[in-house]
Amino acid sequence: MVERGADKAADAVAQRARTASAADVEYVAGHKNMLQLIELRWIAVIGQVTTIAGAILVFDVHLPLVQMLEVLACLIAFNIASHLRWHEHRPVTNSELFLALLVDVASLTMQLYLSGGTTNPFAFLYLLQVILSAVLLEAWSTWTIVAITLACLAGLSVFAKPLALPFDHARGISSLYVQGMLICFTLNAALLVVFISRITNTLKGKAAQLADLRQRAAEEEHIVRMGLLASGAAHELGTPLATLSVILGDWKRMREFKANPDLLEEITEMETQLKRCKSIVSGILLSAGEARGESAARTTIRGFLDKLVEEWQHSRPVREFDYRNRIEHDLPVAFDSALKQMIDNVLDNALEASPDWVGVDACVADGTLALTVLDRGPGFAPAMLAQFGKPYQSSKGRPGGGLGLFLVVNVARTLGGTVQAVNRPEGGAAVTLTLPLSAIALDKEPSHVH
């Protein structure tokens, strides 16, 4: 029953995480695409000014300058407003991108209407809007843009006055219309290559982000499932542990055991280990049942590390332990059981790899706590270093191996920290936990710190 409940809860959490993460990535990609459109619109403004000036001053083409400048002013005002709205990190939807492209189509249509309609060689710029919509928008939006641009072309062919240009197609490249077509093609090709490449990179980044977020969601689902199973197991272990405690207490009072010092010593050791089991069970329940703000203990950074290392050393069979606490200024912080278990996991892994010697070095630099655990074991295999922190990546060759470091990496990541592992040149491995002090610092110093 515990396992079924854990599966349902974990699946629900993972589904919510995947949905939220995908939506966030979509919004970020949409924002980047909107900024691309704003940049493209500025290029269009510069291109229109250059084209109008060249047509009037160089080729002596008569154009309604005032009306065309009014359209250009409207486009500039719209782009300034767009820049003010979207310069910050805001979510952008498909509908907003669709409306932005519609403004571009409307601006181009007005300029073409005032400058010859379909007889203007720059009418082919409609293709730029269609291709951008195909890349940026959903299918219904793209087909709507196609229909609107087709209707605009048809309307221009009916209502726009043709340009007063000589019909000199036979002159080939010397023809003014052919030259305009070549310039239009060059603009279309250059803008499409530049901006489609950028948009493609944005889409690739979006796909990579989604893949990373799906991986993180799967890991979080795994953590939730293990946490719920551990919590259920801890509840069920409470009764047999209490029974064993009562039985050991009764044995200590029996004459047969009192008369045998060796047996009495073993019973005492069994009680010590039983108390440790109870402490572990209590820690699991505390981590699973309470929020960090409620279960965190007020202490200092040096005091917490000193106490943790002392308890770990006394409860593990390490032969030589080298602990160096180089934290000069003690700070009031809040540490909870999840952090303690995270550090214990790293120490336990070092002890398994190197039973003769384990080292710990602690320091604070630039507002970050760095805790390095050293060993003199065989080190990490290259494949394990590449997959460090992934579940079931272990050299121990037993089912469930690698979950300890997997949980360490995820707890550190939740608090804004990192975990890095390297092989030492002199032999052995070093695992460094870095944690920003802002994640564990108290808002204000308590009156009693222990």
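This is a predicted model: local features need pLDDT of at least 70, side-chain atom pairs count only at pLDDT 80 or more; totals for chains, interfaces and linings use all residues.
Figure 1. Arg253 forms a salt bridge with Asp250. The closest N and O atoms of this pair are 2.6 Å apart. Both residues belong to helix 6 and sit three residues apart, about one turn of the helix. Asp250 has a relative accessibility of 36%, so Asp250 counts as partly exposed. Side chains of opposite charge can pair when their charged atoms come close.

**Figure 2. A nonpolar surface patch with residues from helix 6.** Leu244, Ile247, Trp251, Met254 and Met270 make up this patch. The nonpolar surface covers about 420 Å². Helix 6, residues 176-253, gives the most to the patch, with three residues. Ile247 is one of the patch residues and is found in helix 6. With 33% relative accessibility, Ile247 counts as partly exposed.

Figure 3. Arg198 pairs with Glu39 in a salt bridge, and their closest N and O atoms are 2.9 Å apart. Arg198 lies in helix 6 and Glu39 in helix 1 (residues 2-57), so the pair ties together parts that are 159 residues apart in sequence. Both partners are partly exposed: Arg198 has 32% relative accessibility, and Glu39 has a relative accessible area of 35%.

Figure 4. Gln36 has its place in helix 1. Its relative accessible area is 12%, so Gln36 is buried. Leaving aside residues up to four places away in sequence, Gln36 touches Phe195 and Arg198. Arg198 is also the residue that forms a salt bridge with Glu39. In contrast to buried Gln36, Arg198 counts as partly exposed.

**Figure 5. Helix 3 against helix 4.** Helix 3 spans residues 94-114, and helix 4 spans residues 126-136. Their axes come within 10 Å and cross at roughly 175 degrees. An angle over 145 degrees counts as roughly antiparallel. Helix 3 and helix 4 are therefore roughly antiparallel to each other. On the helix 3 side, the contact is made by Asn94, Leu97, Leu101, Asp104, Val105, Leu108, Thr109 and Leu112. These residues meet Tyr126, Gln129, Leu132, Ser133 and Leu136 in helix 4.

Figure 6. Asp322 forms a salt bridge with Arg324. The closest N and O atoms of the two residues are 3.5 Å apart. Asp322 is partly exposed, with a relative accessible area of 25%. Elsewhere, salt bridges that share partners join Glu311, Lys340 and Asp344 into one network. The structure holds twelve salt bridges.

**Figure 7. Asp366, a residue with positive phi.** Asp366 is not a glycine, yet its phi is positive, at about 55 degrees. Most residues other than glycine have a negative phi. Asp366 has its place in the loop between strand 4 (357-365) and strand 5 (368-375). With a relative accessible area of 82%, Asp366 is exposed.

**Figure 8. Met384 in helix 12, with Ala421.** Met384 lies in helix 12, which runs over residues 382-386. At 16% relative accessibility, Met384 counts as buried. Met384 and Ala421 are 37 residues apart along the chain. Their C-alpha atoms are separated by 9.8 Å.

**Figure 9. The whole chain, as context for the close-ups.** The protein chain has 13 helices and seven strands. Of its 450 residues, 37% count as buried. The chain exposes about 25500 Å². Carbon and sulfur atoms supply 62% of that area. Contacts between residues at least 6 apart in sequence were also sorted by separation: 75% of them join residues at least 24 apart.

Note on methods. Residues are numbered from 1 along each chain as its sequence is written. Side-chain values use heavy atoms; hydrogens and water are left out. Patches are made of residues with over 30% relative accessible area and no salt bridge: like charges are joined within 9 Å, nonpolar side chains (Val, Leu, Ile, Met, Phe, Trp, Tyr) within 5 Å. Accessible areas come from the Shrake-Rupley method with a 1.4 Å probe; for residues, only the protein chains shown count as cover. A salt bridge is a side-chain nitrogen of Lys or Arg within 4 Å of a carboxyl oxygen of Asp or Glu. Helices (H or I, at least four residues) and strands (E, at least two) are DSSP runs, numbered from the N terminus. Buried means under 20% relative accessible area, exposed over 50%, partly exposed in between (1.4 Å probe, protein chains only). Axes are lines fitted to C-alpha atoms, for helices over the stretch in contact, and angles run from 0 to 180 degrees between N-to-C directions. Angles under 35 degrees count as roughly parallel, over 145 as roughly antiparallel, 65 to 115 as roughly perpendicular and the rest as oblique. Contact means heavy atoms within 4.5 Å.
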